[in-house]
Structures are given as C-alpha cells and as structure tokens.
Amino acid sequence: MKGAKEVVITSDNSGDASNATVWDPCTGSTLLTYRNGGSLGYHTLQILHDSYVIAADATKPRFHVWPLNSQNPVPNLRLTTPGRVTSLSCSPIGSYIVAAVSEKLFVWQFTSGRLLCTLARHYQTITCTSFTSDGSMFASGAEDGLVFVWSLARTISRRDCEPIHSFSDHILPIKDLCFSHFGPKARLVTISLDRTARIYDSNSGSLLLNLIFDVPLSSVVIDPLENDLFIGCSNGNIQHIDLRSPPRGTEYHVQLTATEKNSNSIFRGHEASVVTLSLSADRSTLLSGATDGVVNIWDIRSRQVTRSINLKGAVTSAFFTRATNNFQENDLKPKLQMRGLQRISDEIGGYNFVEIITSHDASERLLNIQSYVESNSGLDRSKDSDTQKLEEARAEVEKLKSINTAMYQYAAKCLLNKLTDPP
C-alpha cells in the first residue's frame, strides 16, 4: 500500500470466509481481508472516517465492524438493529449513520450509540441512501419509486422530521442515487427500473434533466465537478453522459441498441447487471461491479478494462477509497469511539446539537464527543458538585445585577447633575 493514493474495497454475497477485501487497483493484488462476519448486503459497505470498516449483514439484523488495519471484527461489540438493513450510509466524518430497515430510516449518532430519530415516509423497502459531501443532507430511494431529501440537522434535533424535497417522478423501484460534491447545492441523480435517470437540483428541488433509456438501470455515479455521468444498466453496459454538452430540453432519449457497437459513450465488459460504480479521485479511472461477480477497472479515456477482479459471488459493493496509513498501522488509534446502538430512541426531552463543519481533519479535536461523554457520565458522583456550581452561578448573576444597577444609578446621577448645572 506504500506509495498508492487509492485502494479498492469490495464485497460479495458468497458468505465466504473473506467478507470484504482491499485491493491494489494497479496490480490487482490483495492487500487486506476482513473476515468472520456474514455475507454483506447491497449498498451497505462503508468506511468510517479512516478508522473502521462497517457493513450490514445480508440476512441478520446486525452490523459488522472491523478496525481498518485488522481482519477480525472489533471484539466485545454487538451492534444489533431493529431489522435487516437494506441500505447504509455514513456522514463524511463518521459521526452519524443512516440505515434503512424495510420502509423506515434510522439515524444514529455513532460515537454515542443514540438512536436520534426514525423516519417513516416510504411505503415500500428502501433500497439506497446517500449523504452530500458536507454531510448536511442525505437522500433515500425505495421500491415505491419515491425519493426524499432530508436535512440532517432538522431530523436529529426533531424540530422538523419532514423531508426538504419529495420526488415522485419514477414509477418503478429506485435502484441507486448519488450526489455530486457541491454540498447543499449539489446535483442529485436517481436511477430506476423504469428506464429513466433523473437529475435534480438538491437546493431548489427542480428537475433539470430526464434521461430515458431502452433498458432498466441499476447503478449511477457522477463526476465531482458535474462534468460526467456514468450509468450502469441491467444488460451489463455502462453509459457515459457528457454533462458539459447537455440536451436543449429537459427530456432526452438514450439508445443502447446493439447497432451502436462503435459508440464512444458505452463501456462494454460485463455480462450481467452493473450494481455499483465508483470514480477515482483524479477522475481518470472508473470502477464497476456486477452480479456476474466481476469488478472491472476502466481507463475512461480509452474505455478499456485495465484490470479485472473476480469475486466468488455477486458483487454487493465496490468503490475507491483513500489509501491511508491506517490500513497498515500495527497499533491503530481510531479517531472515533464506538458504543452499542440503541434500538429505541429516547423521546424524553429530545437532544440539542452543535454542528461544526470543517474542511480539515481537525473536526474531532474541535468536538471531542468522547471526552465530553466521559466528563459527564458520572452523574451520581458529581451531583453535589453540580449543585455547588449552580449556587455559585446564581451568586455570580446576583453580583452582576448589583453592579449593573450601581452603574445605571451613577450614569443617571451624572446626567442629572449636568442638566441642573448653570450654564
């Protein structure tokens, strides 16, 4: 892993001893494996802020968590969920996770294990979720064809559990969705079995473009700069859409017929449905995974497969991620601390949150939740000291009130003396 900028992480549904694997995209060699979990479900494998790998079991209501540098799960940690998870997304710094269980969304604060809220607006099983690049919003799509965009701050503070935007344009199940990298002003792309891909403005909620295909769609990824769009299809093809030259209207028909074998916008290399797509950081390489068990690494300019990885089962996740030193650390010191997850939220009193958004890696130092929890966990021991502090605060308030009154009286006296003095 030394010298590499990115690695590839994959998972499949074989339930083999190796549940997830880290690969070198240049050589195709195995760098690390994560074991002793179950088979992993679609859209559930995630990296938690350079500290952990988390994934949901495909058949049981639980999460599996591995330290980034270890093939064995975190010991003595049981993360059970209210039901089998069908989709999982994590905020960029790993503080919050959103898990779909049937038609409901569960939002946890990962560092404390608190179940912050449960969202129930879908009518059928949720198939995909995704966060914006700044973590301020997340979206959900389901088999009912509905797509919702949620504000993280509103939902976890329970001020407003209604979605920011609701989209009901699709008539068949949503298979995938993704945001570009412009935070709350990003483009949201949704694809469905109804053979359409729709691009929305996540800020205004307006529909910008509707792409109509002749085959069902199964996966999507958008270039961070919103220049290129790649859409995986059920017939194994990948369609490239150049967003720098969009059609004049809001509706455009895309043909993927066999007569277009020489098309410079189609990637051909899979024999089954393409279920996951990912772009490298330099936007020169495309990663695709399909139900045929093959992960292909493409050179985008030439549309040629530069490397193929064969898995033992249908691909459930495959994506590029930064090759941090934590993958090979002997003694990993995680930036995040974990707790067991609540299965029922504490409705009494709600929660107050301070949200800090930073572009640096110092967010944990700015908001060290662990130290806060530890310093406030011994409530019984600190009851007397809290009472004393409260009395001291009240005394300080009274002192300030008296000082303020004296200052007011002095100012009023000076003003009256000035008015009564002869000219």
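# Close-up views of a predicted model

Both Phe167 and Tyr200 are buried, where buried means under 20% relative accessible area, exposed means over 50%, and partly exposed lies in between (1.4 Å probe, protein chains only). The structure is a predicted model, in which local features need pLDDT of at least 70 and side-chain atom pairs count only at pLDDT 80 or more, while totals for chains, interfaces and linings use all residues. Residues are numbered from 1 along each chain as its sequence is written, and side-chain values use heavy atoms, with hydrogens and water left out.

**View 1. Aromatic pairs in the predicted model.** A search of the whole structure finds nine aromatic pairs. Rings of Phe, Tyr and Trp (for Trp, the six-membered ring) pair if their centres lie within 6.5 Å; planes under 30 degrees apart count as stacked, over 60 as edge-to-face and the rest as tilted. In one of these pairs, the ring centres of Phe138 and Trp150 are 6.4 Å apart and the planes stand at 20 degrees, so the pair is stacked. Phe138 belongs to strand β13 (residues 137-142) and Trp150 to strand β14 (residues 147-151), and the pair links distant parts of the chain, 12 residues apart. Helices (H or I, at least four residues) and strands (E, at least two) are DSSP runs, numbered from the N terminus. Phe138 and Trp150 are both buried. Phe167 and Tyr200 form an aromatic pair that is also stacked, with 3.9 Å from centre to centre and 15 degrees between the planes. Phe167 lies in strand β15 (residues 165-167) and Tyr200 in strand β18 (residues 196-201), so this pair ties together parts that are 33 residues apart in sequence. Ring pairs also link Phe131, Phe138, Phe148 and Trp150 into a cluster.

**View 2. An open sheet of four strands.** The strands stand in the order β4-β5-β6-β7, and their pairing is antiparallel. The edges are β4 (46-48) and β7 (79-80); each has a single partner strand, so one side of each is left without a neighbour in the sheet. Strand β6 (residues 62-67) pairs with β7 in the antiparallel sense over two bridges, and two strands pair if DSSP finds at least two bridges between them. Arg62 stands opposite Thr80 in β7. Strands of a sheet pair through backbone hydrogen bonds, either parallel or antiparallel.

View 3. Arg343 is found in the loop between β29 (315-322) and α2 (363-366). This residue is partly exposed, with a relative accessible area of 46%. Arg343 and Leu79 are 264 residues apart in sequence, yet 9.6 Å apart in space, C-alpha to C-alpha. Leaving aside its neighbours within four places in sequence, Arg343 is in contact with Thr80, Thr81, Pro82 and Leu115, contact meaning heavy atoms within 4.5 Å.

View 4. A salt bridge is a side-chain nitrogen of Lys or Arg within 4 Å of a carboxyl oxygen of Asp or Glu. By this rule the count comes to 10 salt bridges. In one of them, the side chains of Glu162 and Arg121 meet at 2.5 Å, N to O. Glu162 lies in the loop between α1 (152-157) and β15, and Arg121 in the loop between β11 (114-119) and β12 (126-131), so the pair ties together parts that are 41 residues apart in sequence. Glu162 counts as partly exposed at 43% relative accessibility, and Arg121 counts as partly exposed at 29%. Another salt bridge joins the side chains of Arg283 and Asp223 (3.7 Å, N to O). Arg283 lies in the loop between β25 (274-279) and β26 (285-290), and Asp223 in the loop between β20 (217-222) and β21 (228-233), so this pair ties together parts that are 60 residues apart in sequence. Arg283 counts as partly exposed at 36% relative accessibility, whereas Asp223 counts as buried at 1%.

**View 5. A salt bridge from a strand to a loop.** Asp228 forms a salt bridge with Arg244, and the closest N and O atoms are 3.1 Å apart. The pair links distant parts of the chain, 16 residues apart: Asp228 is in strand β21, and Arg244 is in the loop between β22 (237-242) and β23 (251-253). Asp228 is buried, with a relative accessible area of 13%, whereas Arg244 counts as exposed at 51% relative accessibility. Salt bridges that share partners also join Arg187, Asp201 and Glu226 into one network.
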